[in-house]
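Here are some friendly notes to read alongside the model. Have the viewer open as you go through the points.

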Amino acid sequence: HGTAIMERIRDQWHCIRDGLRLIQDYEHRTGEEFDLICRTRSDVILMAAMPDWDKNRVLFGRGLTMQMQGWPAYEMLPDHFFIGPAQLIQRFQQLSASVQRMYDRQYRDTTNAEGTITDFVLQQDIPIEIRDVPAAIVW
């Protein structure tokens, strides 16, 4: 792992930040507000209805990354799919800057996307819920 991978992950979160800013701009322009915002990769599909969860928390799907890599589904939060209240998801705008800070100042290996998102959620005290989400990664 090295700087190139860290920059790829940071740049991915720059794009997500820009998308979240577009949502804020739309809400400001129209006066409409989103209740929930979902972040998902383009290769993740839902296979059935979403599980119930506390809508005051961000829902992370258990095990999507682990399915892909054959890991046990318990150590880290996958960055492939999550959904939650708009005000909590908007906090993820800060993640791209946080990736750079963790890498530069804290010597944290930010090249692991799942570990990085787990660290960020803990740092920001974002309430989460982890459930089995009927989703799959398709290639």
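**Notes on the predicted model**

1. Setting aside residues up to four places away in sequence, Ser 98 touches Phe 120 and Gln 123. Please keep in mind throughout that this is a predicted model.

2. Now for the helix around that serine. Which residues of α4 are buried? They are Leu 95, Ser 96, Ser 98, Val 99 and Met 102. These residues span an arc of only 160° around the axis, so they sit on the same side of α4.

3. How do α4 and α5 pack, and at what angle? Helix α4 covers residues 95–105 and helix α5 covers residues 113–124; the angle between them is about 105°, and their axes are 11 Å apart. The two helices are therefore roughly perpendicular to each other, given that angles from 65 to 115 degrees count as such.

4. Looking at who makes that contact, α4 contributes Leu 95, Ser 98, Val 99 and Met 102. From α5 come Thr 116, Ile 117, Asp 119, Phe 120 and Gln 123. Sorted by class, the α4 contact with α5 holds five nonpolar, three polar and one charged residues. Leu 95, Ser 98, Val 99 and Met 102 are also among the buried residues of α4.

5. On to the charged pairs. How many salt bridges does a search of the whole structure find? The search gives four, and three of them are worth a look in the viewer. Side chains of opposite charge can pair when their charged atoms come close.

6. One of these pairs joins Arg 17 and Asp 18, with the closest N and O atoms 3.1 Å apart. Arg 17 is found in helix α1, which runs over residues 3–30. Is Arg 17 buried or exposed? Its relative accessible area is 17%, so Arg 17 counts as buried, the cut-off being under 20%. Asp 18, at 37% relative accessibility, counts as partly exposed. Leaving aside neighbours within four places in sequence, Arg 17 is in contact with Gln 93 and Ser 96; Ser 96 is one of the buried residues of α4.

7. A second pair to inspect is Arg 41 with Asp 43, whose side chains meet in a salt bridge at 2.5 Å, N to O. Here Arg 41 counts as partly exposed at 25% relative accessibility, whereas Asp 43 is buried at 15%.

8. Another pair links Glu 129 with Arg 131, and their closest N and O atoms are 2.8 Å apart. Glu 129 is buried, with a relative accessible area of 14%. Arg 131 is partly exposed, with a value of 34%.

9. Finally, the chain as a whole. The secondary structure comprises five helices and six strands, and along the sequence these follow the pattern α-β-β-β-α-β-α-α-α-β-β. Of the 139 residues, 43% count as buried. Among contacts with a separation of 6 or more, 77% are between residues 24 or more positions apart.

Note on methods. Residues numbered from 1 in each chain as written. Predicted model: local features only at pLDDT ≥ 70, side-chain atom pairs only at ≥ 80, totals over all residues. Heavy atoms only, no water. Axes fitted to C-alpha atoms, helices over the stretch in contact; angles between N-to-C directions. Helix = DSSP H or I, 4+ residues; strand = E, 2+ residues; numbered from the N terminus. Parallel < 35°, antiparallel > 145°, perpendicular 65-115°, else oblique. Contact = heavy atoms within 4.5 Å. Nonpolar A, V, L, I, M, F, W, Y, C, P; charged D, E, K, R; others polar. Buried < 20%, exposed > 50% of the residue type's maximum accessible area, 1.4 Å probe, protein only. Arc of directions from axis to C-beta.
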